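Try each task before you read its solution.

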Amino acid sequence: MKRRIIGLLIALCLVGTLFTACSQDAPSGNSGSASQSSSNGGEEYIATVKSKYADVTDAPTFKIGFTHTPPSDTLSAAYHRVLDYTAAEFGCEMMYGEIMCGDLSEWQAAYENLGQAGCDGEIIIYCTGATVEYFDSKGIYWASVCSEIIDQDIIQMACASDYYCGNICEVDEQAGYDMAQGMYDAGCRYIAYLAPTAGMNTCHDERVRGIERFLDDHPDVELATSWRGSPFATGVQEVLAAYPDIDGLMSTGGDTAIPAAIYAAGMEKTCKYACVDIQEGVYDQLKDGVCVWVAGGQYPTAQLGFALVYNGLTGHKIMPDLATTMHRPYMYIKSAEDYENYMKYMEGSIPAYTGDEIKDLCAVYNKEASDEKLGELLQSYCDNYTMEDLLKRHGDLNIE
């Protein structure tokens, strides 16, 4: 199999700024700042069913923090929506930290700002030893979501802490494999992929490993080239110019420049596209048959992180094994119909998990369940996270 690699290896100064599924350009904002968000309604989401926990009136409330880019970023805005909704269901208050350049020290500063602002617990994405030490020193309960803690020393530090509540993230290697499978199912046999420079982001590197594993398993697929660098707008131009005969192009992160380049080259009938990250225009691309596979929907993982932190704050640890990350898949979209369902049941008036579904995970509300049983329920939420499961759970709800 030919594996000629084009590379623009640009020395990036950012650490972990290409998030699991966000836009490539960092929006503006205040570095390491903390801002308070109103959580007394979750304006984007409106509950339309009465809670089965309406009689629980003694549940404590807390201030809980979350750090990401400013909400002008599409993914960050989605995190805000689901967390505002969830906090409102619990009578809690969300507070947000904002980062700009993505250096780990900036994330740490945002965590500390939220702690100084009075947060009882925090949901975080990136963790260092300094993070664990800070939360320990301030008695702040915390959980990590959407990024795996892989440093064994940090894992040991976290597990030794009374305040660590667990780590849940998406299975990025499997997403890469399934993305290549989506290309294969669409008939593509001469493909290329785009990804950031190797070593710059663990999530993207894992997706690349998944793609490469698929290629090893399918010798009838030829990899024309892989391009590692930034921005993707440059990469796609180079790839399409050098390999006009490819019939499939993948990217480990979404970028509207990629399908735009396919159309501009007049290749929309001959080259399929797949990516991790739902971007503007994907609905039309799915209808046209240019896009055949896209993954997204990781932001409801933050709702599960909320449940972990809320349990910790009320004296309960529900993770089956704190030393082991709990994994869950992305939501896969393969057709315009899938996209319509995604927009209705993920972006509509009720998010992926209702207030009651998150309360089912919390010992203060689900009083009959042991912490072990709550952990099993949490695992089932992760194992069954698919479009089919979402339609089954929410198909009868009045969702606008």
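**Exercise 1.** In this predicted model, work out the handedness of the crossing of H7 and H8, and find how the two helices are oriented and which residues touch.

*Solution.* Start with the handedness: H7 passes H8 in a right-handed crossing. Next, look at the axes of helix H7 (residues 232-242) and helix H8 (residues 257-264), which come within 9 Å and cross at roughly 30°. Angles under 35 degrees count as roughly parallel, so H7 is roughly parallel to H8. Now list the contact: H7 brings Phe232, Ala233, Val236, Gln237 and Leu240, while H8 brings Ala257, Ile258, Ala261 and Ile262. Sorted by class, this contact of H7 with H8 has eight nonpolar residues, one polar and no charged ones.

**Exercise 2.** Describe how H11 packs with H14, and say which residues make the contact.

*Solution.* Begin with the geometry: helix H11 (residues 336-346) and helix H14 (residues 387-394) pack at an angle of about 50°, and their axes are 11 Å apart. That angle makes H11 oblique to H14. The crossing of H11 and H14 is left-handed. On the H11 side, the contact is made by Asp338, Asn341, Tyr342, Tyr345 and Met346; on the H14 side, by Met387, Leu390, Leu391 and His394. Finally, sort the residues of the contact of H11 with H14: six are nonpolar, two polar and one charged.

**Exercise 3.** How many cavities of 30 Å³ or more does the structure hold, and what lines the largest cavity?

*Solution.* First, the idea: rolling a probe the size of a water molecule over the atoms shows where empty space is left. The structure holds three cavities of 30 Å³ or more. In the largest cavity there is about 60 Å³ of space. Its lining consists of Asp255, Thr256, Pro259, Tyr273, Cys275, Asp277, Gln279, Glu280, Val282, Gln285 and Cys291. Strand E11 (272-276) and helix H9 (282-288) each give at least two residues to this lining of the largest cavity. By class, the lining of the largest cavity has five nonpolar, three polar and three charged residues.

**Exercise 4.** Where does cysteine 146 lie, and what is its phi?

*Solution.* Cysteine 146 sits in the loop between strand E6 (141-145) and helix H4 (152-159). Phi of cysteine 146 is near 65°, a positive value in a residue other than glycine.

Conventions: Residues numbered from 1 in each chain as written. Predicted model: local features only at pLDDT ≥ 70, side-chain atom pairs only at ≥ 80, totals over all residues. Heavy atoms only, no water. 1 Å grid on protein atoms, 1.4 Å probe; cavity = no way out; pocket = protein on both sides within 12 Å on 5 of 7 lines; lining within 4 Å. Points joined across faces, edges and corners; volume = space filled by probe spheres on them. Helix = DSSP H or I, 4+ residues; strand = E, 2+ residues; numbered from the N terminus. Nonpolar A, V, L, I, M, F, W, Y, C, P; charged D, E, K, R; others polar. Axes fitted to C-alpha atoms, helices over the stretch in contact; angles between N-to-C directions. Parallel < 35°, antiparallel > 145°, perpendicular 65-115°, else oblique. Left-handed = near helix turned anticlockwise from the far one by under 90°. Contact = heavy atoms within 4.5 Å.
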